[in-house]
Every structure is written in C-alpha cells, then in structure tokens.
Amino acid sequence: MSKPKWQPSTIAAQAGGAVDPVTGAIVPPIQMASTFERDPDNAYRRGYIYARPDNPNVRQAESVLEALEGAAACMLMGSGMAAATTAFLALERPAHVVAPEVMYWALKGWLANIAPTLGIEATFVDATNLDAIRAAIRPGKTRMIWIETPANPLWGISDIAAVAEAAHQAGALLGVDSTVATPVLSQPIALGADIVMHSATKYLNGHSDIIAGALLFARADALLDRAKSLRSGLGAVLSPFEASLLLRGMRTLHLRVAHQSASAMTIARHFAADRRVVEVLYPGLPGPGHNVAAKQMQGGFSGMLSIRVAGGEAAAIAVAARVQLWKRATSLGGVESLVEHRASVEGAGTPCPPDLLRLSVGLEDPADLIADLDQALG
Ligand code: PLP
C-alpha cells in the first residue's frame, strides 16, 4: 500500500510517525551512544559512526522539520546562534552579505564584530525596504542576503519572495531567520529562500527548556556539505536528549502557534486603543508591513508583539516591574508569557526605542494576560 501524503501538522503530531522497530514504542527512545558498531566486513551499513557528526535523535527531529519547511535537508545544532553563524561561515570567501538594521541583536553583533575577522563583510540596511536591499547588493561580491521576518523587536516585515528574486538576480543566496513565523505561519523555501534558520529554543520546542538551532536547505548541495563539515568540525551538533525534547515539543507546534497568534492579535487590538500605550507594534494590525505579512503568513501573525509605553523608559520598566502573570525574562515562544524591556538587553546602539516592552504571548487565557497588563499600566 502506498503511503499517503500527510499534512505537516499530522507529521508533527506523530513526530514523523515511526514506531521503534525493536520494542514497538510509539515514542522514539533516546539513543545516548557516542559511538556505533562497525559491521564485520568493515562497513557502517546502519548509517551511524560517531555521535559528533550526528545522532539518531537528531536525525528524527531533522526529518520532521524538513517536512514542515519543505526543505531538502535540515541540520540541527546546539543553539540558534550556532545555526545562524554556520550559515554565514559556510559561504565562499571573501563574502559580502546584506543584513537587516533591525534583527536579532546578538547575531547582528557577531556580523558587525566577528564576521569581518573571518572574511565576511556585512552591510546593514532597512530590510523592510526592497530598494534599500537592492542598493546594498554588490554585483559579483554579495553572496547572501539575510532577513528576519517578523524582525525582533519592532516586528518589521520583509517580502520574502521579492527579496529572493533580488538575491537570485545578483547570484546571491537568501537566508531567512524564520524563528518568529515558524513553519506553521510561513514556509520561506516555497517563496524562494535558499536557507531557513530557526532558534529552535523558541516556538519549535515551545517549553523554554532547551537551547537548539536549525538550518534548513532548499537543496542538498555543496553549501550543505560545507555546513555539515562545520557542524562536525566545531562539534556543534544537538545532543540526543535535547533532540528528543525538541521532537516532543514539535508535536504540539501547530496548536500552540495558532493559539498564541490568536491571543497576540486580541492583546494587540486591545492595547491599540489604550492611551497609556503610545504604539502597538504587531504585523496583524494595519500599518507598514501588514499587507506583505498577510500575503506570506497563513493562519496568524505570530505570538510576538511590542508595546511602547507612554512616559518613556522609566515608565516602561515600571510596567514590567508591576506585572504578576507575565514573567520578566528574555527569550520567546514558550508556553508562558514573557515581558522584556528590550533596550536594557540590547544596550548601546540598539534601534529599539527605550519605551518598548517586548511581549511573548504564551498559552494562558488572553483575558488574564490583558487584565495583568492593564493593572501594570496603572
Ligand atoms: N534568532 C532569533 C529571532 C532569536 O530570537 C534568537 C534568540 O533569542 C536567536 C536567533 C538565537 O537563538 P539561540 O538563543 O537559540 O542561540
């Protein structure tokens, strides 16, 4: 009997659907071995040699992610930063890249300060503006355009299909940090991206209990080979235990993201009309980026939004101090809602306004989340 083509949510719910061939367990066992037996004829027919290049639990989680993103290959690593920096390190040198002015701040810091010492030069542009991206491309020299959409922490939107076209016309690759959108809301490879990156620490795992990263590739070619040899050489593969937790987390990804996106929309609409809030930044609200977001995101606009508090920086920090239900913590995409005064984390040079609070909406009742913010706004 031929196998039916399952929907991504079905594949995620069953963690790929495989049953352990030895025991019949419907949850894959965690395979902790660091080394694997060679066949008597000296071959490694079972496909595993040593657990630094990869391991069975990593391969299980990778195959689920490949299906969710429509990718030819996936590579799981020990953090989102490991995955993102590997995407740049796998480029041929010298490399010029175009990257957003507003993006995950630690990766921007790495691109600005460390990458140049490794033969990678970045030009930072307003990545919500296609003309600005085009103008930054150096024909014959630009090897990759990197975008993050929606982008931390202002939630600007880049047009994935349009940037892919501009990149490919210039002979460059497009890499997309899709951590916030998740494969539930958008699939960049279908829109022309060559590489998709996730901090799997966030929505993919969803329970704030692992650090992990994923790189997905539109093609299994030389770029993938270079990335795999970097992962092995740096010893940056995800461990079996973390991979198993990630696989478990992804079973509920579609439910979580749908609920979090709906709650974020409710919260955004509620505070958009509140005079104690200067501005609500959320691609689900009318405003710049909304139409592109509606075109390239299906089923919601993510569980991330920011509010700018009337009264400036001190007022914003005071609101964060008064919440009882939201947790004051960095990170995002977990089941518990988080609030963060983002400028305090990003420090000097941040494009983040000092009155901004970043909100990661969890799975609590949105009425409770609104009531808590309401009392905290005073
Ligand atoms: N990309 C985005 C959008 C992030 O929010 C983060 C982490 O906050 C990263 C990348 C880096 O991921 P990790 O913390 O797993 O290294």
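**Labels and their grounds**

Student: Why is I26 called exposed?

Tutor: Its relative accessible area is 65%. Exposed means over 50%, so I26 is exposed. Keep in mind that this is a predicted model.

Student: Where is I26 in the fold?

Tutor: I26 sits in the loop between α1 (8-13) and α2 (56-69).

Student: What makes V19, I26 and V27 a nonpolar patch?

Tutor: Patch members need over 30% relative accessible area and no salt bridge, and nonpolar side chains are joined within 5 Å. I26, at 65%, passes the area cut-off. Together V19, I26 and V27 have about 300 Å² of accessible area on the surface.

Student: Now the ligand. Which residues come nearest?

Tutor: G80, M81, D177, S199 and T201, out of 14 residues around the ligand.

Student: What about S199 and K202?

Tutor: The S199 side chain has an N or O atom 2.8 Å from a ligand oxygen. For K202, a polar side-chain atom lies 2.9 Å from an oxygen of the ligand.

Student: How much of the ligand does the protein cover?

Tutor: 92% of the 390 Å² of accessible area that the ligand has on its own.

Student: Which elements give two or more residues to the shell?

Tutor: α3 (80-89) and β6 (195-199). By class, the shell has five nonpolar, six polar and three charged residues.

How values were computed:
Residues numbered from 1 in each chain as written. Predicted model: local features only at pLDDT ≥ 70, side-chain atom pairs only at ≥ 80, totals over all residues. Heavy atoms only, no water. Patch = residues over 30% accessible without salt bridge, like charges linked within 9 Å, V, L, I, M, F, W, Y side chains within 5 Å. Areas by Shrake-Rupley, 256 points an atom, 1.4 Å probe, with all protein chains shown as cover. Salt bridge = Lys/Arg side-chain N within 4 Å of Asp/Glu carboxyl O. Helix = DSSP H or I, 4+ residues; strand = E, 2+ residues; numbered from the N terminus. Buried < 20%, exposed > 50% of the residue type's maximum accessible area, 1.4 Å probe, protein only. Near = heavy atom within 4 Å. Polar contact = N/O pair within 3.5 Å; in protein donor to acceptor, adjacent residues only side chain to side chain. Nonpolar A, V, L, I, M, F, W, Y, C, P; charged D, E, K, R; others polar.
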